[in-house]
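Dear colleague,

I am passing on the structure we spoke about, and my notes on it follow below. Please read them with the coordinates open beside you.

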Amino acid sequence: MAKSSDNSRRKFMATTLQSVGLSAFVGVLWSGYSAEAKAAKLVLRPPGALPEEDFLKACIKCGLCAEACVNRDSNVDQETGEQRPGTLKMAKGGDHKLVGTPFFTPRDVPCYMCDDIPCVPVCPSGALDEASVTDEKGELDINKARMGLAVVHKESCVAFWGLQCDACYRACPLLDEAISLEYQKNDRTGKHAFLLPVVHSDVCTGCGLCEKACVTEKAAIFVLPTEYATGKAGDHYVKGWDKKDQLRVGERKMDEIETKTKRSEKAPVDYLNKEIEY
Amino acid sequence: MKKIKYLLLRRFTQIGLLVLYFGANAYGWNILKGTFGSSVLFGVIPLADPYTTLQVLATGFVIGSDVLLGAAIITLFYFVIGGRAFCSWVCPINMVTDLANWLRRVLKLDKEEVNYRFLKRSVRYWLMVLGLIVSAVVGVAAFEVLSPITIMQRGIIFGFGAGISVVIAIFLFDLFGVKNGWCGHVCPLGAAYSLIGQKSLIRVKHDHDACTACMECKVVCPENQVLWMINKESVSVTDGECTNCGRCIDVCGDNALGFSIRAMAQKQKEAAA
């Protein structure tokens, strides 16, 4: 009797151990696959999307944004009366983006920046944040959207060659605000001007109309997710000429500010006369 | 006609729902928009999948109230009325696995019951919990990353792409691998609905007196452990794993099986006793 209960206990322990072990096995595989599946970073999201990490948590993959986009009133061809392709696509297998999440490819179909932003208020999960595209008066304002940031590759932009092209500048819905033209003298010919497109990141919404309009074979101006198209100077840089930025350092007196580094510990003469190893 | 009455009804609702969802995207119909993850009925009533909602909550994101309300509505519907009916009356993968199952019978592939030691029918409940844990760890709704259900549904609405491979994989798994493998063993969404629908009103009722023990019902049932009472007792199928598909009722030649409301069935039983 004692022996059989011993056996059954051993069997129970073994089964439990195996179940837990197999759960861990599946869990590790599953986690690994999920982590890889959400790893695609260069993805442009709809207006009002939360930062990518939060967006991927929040999006319930219902497609209501994409349906609102394709079925908006303005998306009907005026001549034929037919529906044009929508901006937002739902990622499917083979798109190499988290499956079922909305994205857009400006070179195919850019965001046309509808005033009523049909895609955002329909989002049930909060992955598209209506507040982020609402102005102080409580009205939807697509100009507040930050889907990405347009970047110019000047080596392939023919305006930088001296050819006259302002396709992106004219296509921009925020003309002269998000993209302005900078005039420069063309020293090669001596009598022509460069009309160089310059993107202003504080205004650009990342709609991609410039990328769509770009005349080069592969767009020389293109939208990247803001995180990938921006740098960061760091908090230790303070714009001394900017009163607002000055406030960051507060009321500290000059002599209170410690700026000694390993290099500046020694007097300048010593520093110049001695080789310092780092 | 009787042999396929509920089968036809189920295909009608399954395909009908897909048509409504498809039309919402393709033609802007405002009847049923979205996907199973989250939908809007008649442009007003939110609906949401309870398990998907739980996964999003597990990631730590405080999801919008529309989804919470939608998940509550769906949960309430299946809890009170439908039971696990989502699996057989709504889910499009059901058509794929039913086809695999039917082919198995035609090709006589399921003559021998194989005991898969670690692929028991309880595995799905483990996977359901595991899915929530993985969601929390990775920060993404984990089952939705690979769910053939929503991949197939979105495929029909928005275009399949390579997503069709997941559907084919499920078909092959059920046909050549494990009988009722996906829906009956693996699917964590089915597990969630099994738990939700345990106490629902609509139940299949068995009449022992009429039964001739032909066992046709057990052959077609995708969860035939729930039919333990066949030729034994006159009771209702109360197991939450029954999908209320009604196939057993269709194939029963003796009128020994039929849908009933739980309370009515109980009353009848009391009256008989």
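How many residues does the contact take from chain A, and how many from chain B? Chain A contributes 36 residues to the contact and chain B contributes 46 residues, and please bear in mind throughout that this is a predicted model. On the side of chain A that touches chain B, helix 1 (2-37), helix 2 (52-58) and helix 3 (64-70) of chain A each supply at least two residues, and helix 1 of chain A gives the most, with 10 residues. Sorted by class, that side of chain A holds 17 nonpolar, 11 polar and 8 charged residues.

One residue of chain B may deserve a look of its own. Gly197(B) sits in the loop between helix 10 (188-196) and strand 4 (202-206) of chain B, and Gly197(B) counts as buried because 27 other C-beta atoms lie within 10 Å, where 20 or more are needed. Residues up to four places away in sequence again not counted, Gly197(B) touches Tyr78(B), Phe79(B), Gly82(B), Gly83(B), Arg84(B) and Gly240(B).

With best regards

Notes. Residues numbered from 1 in each chain as written. Chains lettered and ligands numbered in written order. Predicted model: local features only at pLDDT ≥ 70, side-chain atom pairs only at ≥ 80, totals over all residues. Contact = placed C-beta atoms within 7 Å. Helix = DSSP H or I, 4+ residues; strand = E, 2+ residues; numbered from the N terminus. Nonpolar A, V, L, I, M, F, W, Y, C, P; charged D, E, K, R; others polar. Buried ≥ 20, exposed ≤ 12 C-beta atoms within 10 Å, placed from the backbone.
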